[in-house]
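Hi everyone, thanks for coming. Today I'd like to walk you through a protein interface; please have a look at the screen.

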Amino acid sequence: MSVFLAILQVVIVTLVAPLISGATRLIRAKMHSRKGSDVFQDYRDIAKLMTRQEVRSNTSSFVARVMPVLYFAVMVVLACGIPMITIASPVPLLGDIITVIYLLALSRFFFSLAAVDTSSAYAGRGGLRELIVGVLVEPTMLLALFAAALVAGSTNMGAMGLAVATGAVSAPVATFLAAVAFALACYVELGKVPFDMAEAEQELQEGPLAEYSGPSLALLKLSMSMKQVIVVSWFLAIFFPFGAAATLNFGTFLLGIVAWCLKVAVAFAVCAVVENSVMRTRYKLLGTQTWAIFGVSVLSFAFLIVGV
Amino acid sequence: MIISLFAASVVLSLLAGTLSIMLRARDAVAKGVGCWMGAAAAALSLVAGFAAMVGEGARASMPFLFPFAAFTVQLNPLEGVLVCVISVLALVAFVYGLSYFDEYPGKVGRACMFMNYFVASMLLVITADNAFWFLVFFELMSLTSYFLVTLEENPSSIKGGLTYLVMAHIGFVMIMMSFLVMSVKAGSFEFSAFRTLDLSPALASVCFVLAFFGFGAKAGIIPLHSWLPQAHPEAPSNVSALMSGGMIKIGVFGIVKVGVDLLGASGAQLWWGLLVLVVGAVSSVLGVVFALAEHDVKRLLAYHSVENIGIILLGVGVCLIGSAMGNLVLAGLGLVAALYHTVNHAMFKGELFLGAGALLYSVKTRNMELMGGLVRRMPWTAGCFLIGALAISAIPPLNGFASEWLTYQSLFEAAFLGGRVPMVFAVLAAVALAITGSLAVTCFVKAYGVSFSGAPRSQAAAEAREVPLPMVVSQVLLAAICVALGLGAPLFVPVMAHVASFTMGAPAIVAADGAAIQNAISGTAVSTPLIAVLLAVGALVAVVAVRCFAKGLAPKTEDPWACGYGSETSMEPVATSFASDVSMFLSPLYRLREVCTAACWGVAHFFQKATGLARWMEPQLDRYLVDDVAHGVDVLGGLAQRIMSGRMGAYVAYIVVAFVVFLVLAVIL
C-alpha cells in the first residue's frame, strides 16, 4: 500500500508541478497588468524543449550532462519520502528531516557544480549564489526543524506531523515560531522575489541554466517546478498536516488528496502575491534578511527552552 | 592469534624500514622493498584489526627492557577499529608510493624507512596498554612523521615541520602529565590499573582536560590546529593521507580512551561533554570556513581535517554527556556516530589527499587557480576525487552522510533527553553542523569545479597526463570503500555499535534495522541503499523519458555564452570567486581567524619571551663568577695575539726558540 502511495505521490508531483508554475506565471502577469499566457503554458514549453536540439558548452564534462537526470532523480526520491496525502511518510526510511535536508544538498551540489563545469561566467556566478543561499538558509531550517522535532520527540516527519495534527505539542508558541521561521526559510529556498528574480535569467536560480538547452533544459524546468511543490509539501507535512489521512481508507485517502491540493494551491497563491508585491533585495544584503529569519528560529528555540 | 598476526605485521614493518634505508643507494630497489613489504605488513595488521574489531578482544603482556613497565598490548574492538583504519590507509599509501616516490629522487630510501616506522609506531600507540610505552610510541610517531614532513627540505617544509614538532610536544607534555597523575594514583603504569581507579571528580577532571587538550593538539582541534595546514601539505601526498586520515584519529582515539575507557570507573562529568561539544562545534565551523579561503588544494584538505575532527568530537561529546547522565544507550549512540565518522573521514580524506597528490604529480602545482579542465586529461583521478568530495560533503547515499546523520541523531537525543543545559549545547552544535555541511558543499564544489571542470588555465594543466597505474588503483580502492561504507552502512554500523557497547560495557545497541540505520532511541531510520536504488530508478525514468520524447538530434557544442562577447578562460569562475563571496557573508569569522592567529602568535611569543628571560637570567651568574675570569683570559689572549702574527715562519721560529729555552733549562736544572 505504501509503495503504491509513494508512486502515486511521485506521479502527482510530476504532473502537477508545471501546472503550478504556470499558474504562478499567470498570477504574476495579472498583477503586472499583463494578459499572460494560460496555466498550461509550462507543459507546452517543456514539450517544445524536448524536441529541440541540445547545444552544450564545449568545455563541459559529464557532470553537466548527468546533472538534469540526477536532479530529477533526487526530486523523485524526495517525492517518495515526504508525506502529502497521509500524515505518516509513505516510505518512513526516507521520512527523516535530516535526510531531506541532505538530499536537497545533493541536488544543490550537482546544480552548482554543473554551472561551474560549463565554464560560463554567468552560469558559474549563478551556481555560486545558489550555494551561498544554501549556506544562509540551511542553519535556519535545521534550527526550526530541530525545535519542532524536540517538541514531537522524533526527527521523523510523520511523527512531527502527527504531534501537530493531534495538538500534542508541549510548547505551542515555540512550535508556531518554528513554523514561521521554517516557512520563511522555505520561501527563500523557493527562489522567489525578494530573494531572487526568476524572470531575469543569469540571476540566482535560473543562472546556472544559461548553458542548458533542449531535452536537458526541459527536464530541469520540470524538476525545478517539482522542487517547489516538494518544498511546500515539506512545510505542510510538518507544520500544517490538517486534512491529511491519519489512517488510510478510501474516504480519508480522497480527503487527503483534496486537502493537499487545496493547501498547495493556497500556499502558492500566497507566495505569488508576496512575490509580486515586494522589491528584490540586493544580493549583498541577503545576509541581513537571512539573519532576521535565523533570529525567528532562535526565538522559537528560546521559547522551547522556557517550555511555552 | 590476533596478537601474533599483529606482532608479525609490526616486525615486518620494522624490517621493511630498515631494509629500505640500507638499500637507499638505489631508489628503485629501496622503493620496491619498502613499499611492497610495507603493504604486506599493512595487510597483516588489517586482518588482525578486523578480527579484533568484530571479536571480543585480545591482550598480551611481557616484561621488556624496563622493570617498571611491562610491554602490554591490547587489541579490543576499539583498538581494532583504529588498527583497521591505519592499515587500510597504509596499504593504499604504500601502493600509491610505488609511483609517487619517483618524485623524490635520492630520498626514497629515507621516505620508505620513516613511513614504515611511522606506520609501526602508530599501530603500537593504538595497542599499547601501558602508559609508559604509550608515551614512547606516541613520541616515535611524532618524530617519524616530522622527518616525513621535512622530507623535501625546503624552507616551507622545515617551517611547517618545526611548527608541527612544537605543537606535538605541547600535546605530549599535557598527555604525560595526565598519565602521570593517574599512574601515581594507581601505583602502576598499566592501563588496566588506571581502569579501576576511582578518582575524585576534581582529579578526574584535571586528568581529562589535560588529556583532551593534549590529544586535541594531535587531532587538530581549533585553538591548537595551526600546525595542520602547515605540516600536512608539505609531506608527500600519501603521507598526508596517512597523517590526515590516520594519525590525527589517534588524537580522537586518545580522547575516547581516556574519557570513556580509562576514567570509566571514576565516571564522566557532564561539563566534559559540553566542553567537547563546544570545541567540536567551533572546530567544525571554523575549519571549513578557513578551508574555503584556500587556493592550495592540500591546505584546503588540511583545514577540512580540522572540520571533520570537530564533527567527530560532536559524537564524542554526546557520548560523554550520555555517560555522565548514566544513559548508556545515548552514550552508545554518540560513540557509534563518532567511530563511524572516524572511519569514514579516514577513507574519504585519504582518497582526497591521494587525488591532490595526483594533481601535484601531473600539474606540478598545488594552486587550484592554475588547474582547470583536468577531467578530460585525468578522468580516473577526477572520478575518484568527485566521489571523495561528495562523501566529505555528506551527500547521500555515501558514507559521510551515514555518519553525519548518526551525529545529528545523537545530538537530537542528547537535546531531547538531557534537560535544559545539554539541550542548548546540543542544538547549537547541530546548527553548527548544518552550517558546516552547507559550507562543505560550497567548498567541494569549488575544489572539484575549479580543479577539474572548465578549461585549463595553465600550460601544465593543458598538457597534464593521467597518473600511473598504482596511483590510480589506490585512489579507486579508497573511492570504492567510500561507496561501500555508504551503501553498506546498515552492515557496518552494527559493527560500530558492537565496538561502542564493548568499550563502555553497555548492553547491545540496535543501530540498524534491515537495510536501514536507525536511531536506537526514537526509532527513526534512514536507508542509504534505498536512496541509491530510488536515485537509480529516477535517473532511469528520466533517461527513458528523454529518449522517448526527444527527436534524437545529435547535440552540438559551442563556446560558453558570454553575452555576445567571445568567451575566454579568464571569465571562468575560479577559487577566488568562491572565497570572495563567502568572505563577504562571513567576514566576522575571518576576522576571528586573525584574532586566533594573533593569539597563537601570542603563545609563541610567550615562549619566545620565556626563552628570552632565560637568556637574560643565564648571564647574571656569569657576570659575577665567570666574567672576571673570562676578562683575564681575554687580556691574556690580547697579549698573545701580539705574538700571533699568522706567519708560518714566525711560528717555526717560536717553536725553535721554545725548544732551545727548554733545552737550556733542562741542562741548567
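Across the interface of chain A and chain B there is 1 salt bridge, meaning a side-chain nitrogen of Lys or Arg within 4 Å of a carboxyl oxygen of Asp or Glu. Arg125(A) and Asp581(B) form this bridge through their side chains, at 2.5 Å from N to O.

A quick word on the ground rules. This is a predicted model, where local features need pLDDT of at least 70 and side-chain atom pairs count only at pLDDT 80 or more, while totals for chains, interfaces and linings use all residues. Residues are numbered from 1 along each chain as its sequence is written, chains are lettered from A and ligands numbered from 1 in the order written, and side-chain values use heavy atoms, leaving out hydrogens and water.

Now, how much area do chain A and chain B bury between them? About 6,700 Å², with 77% of it on carbon and sulfur atoms; that is the accessible area (1.4 Å probe) that the two parts lose on being put together, summed over both. Leu93(A), Tyr102(A) and Phe109(A) supply 11% of what chain A buries against chain B, more than any other three residues. In the contact (heavy atoms within 4.5 Å), chain A takes part with 75 residues and chain B with 78 residues.

Finally, the strands, which are DSSP runs of E with at least two residues, numbered from the N terminus. β1(A) pairs with β6(B), residues 556-558, in the parallel sense over 3 bridges; pairing takes at least two DSSP bridges. There, Ser57(A) has Glu558(B) as its bridge partner.

Notes. Helix = DSSP H or I, 4+ residues; strand = E, 2+ residues; numbered from the N terminus.
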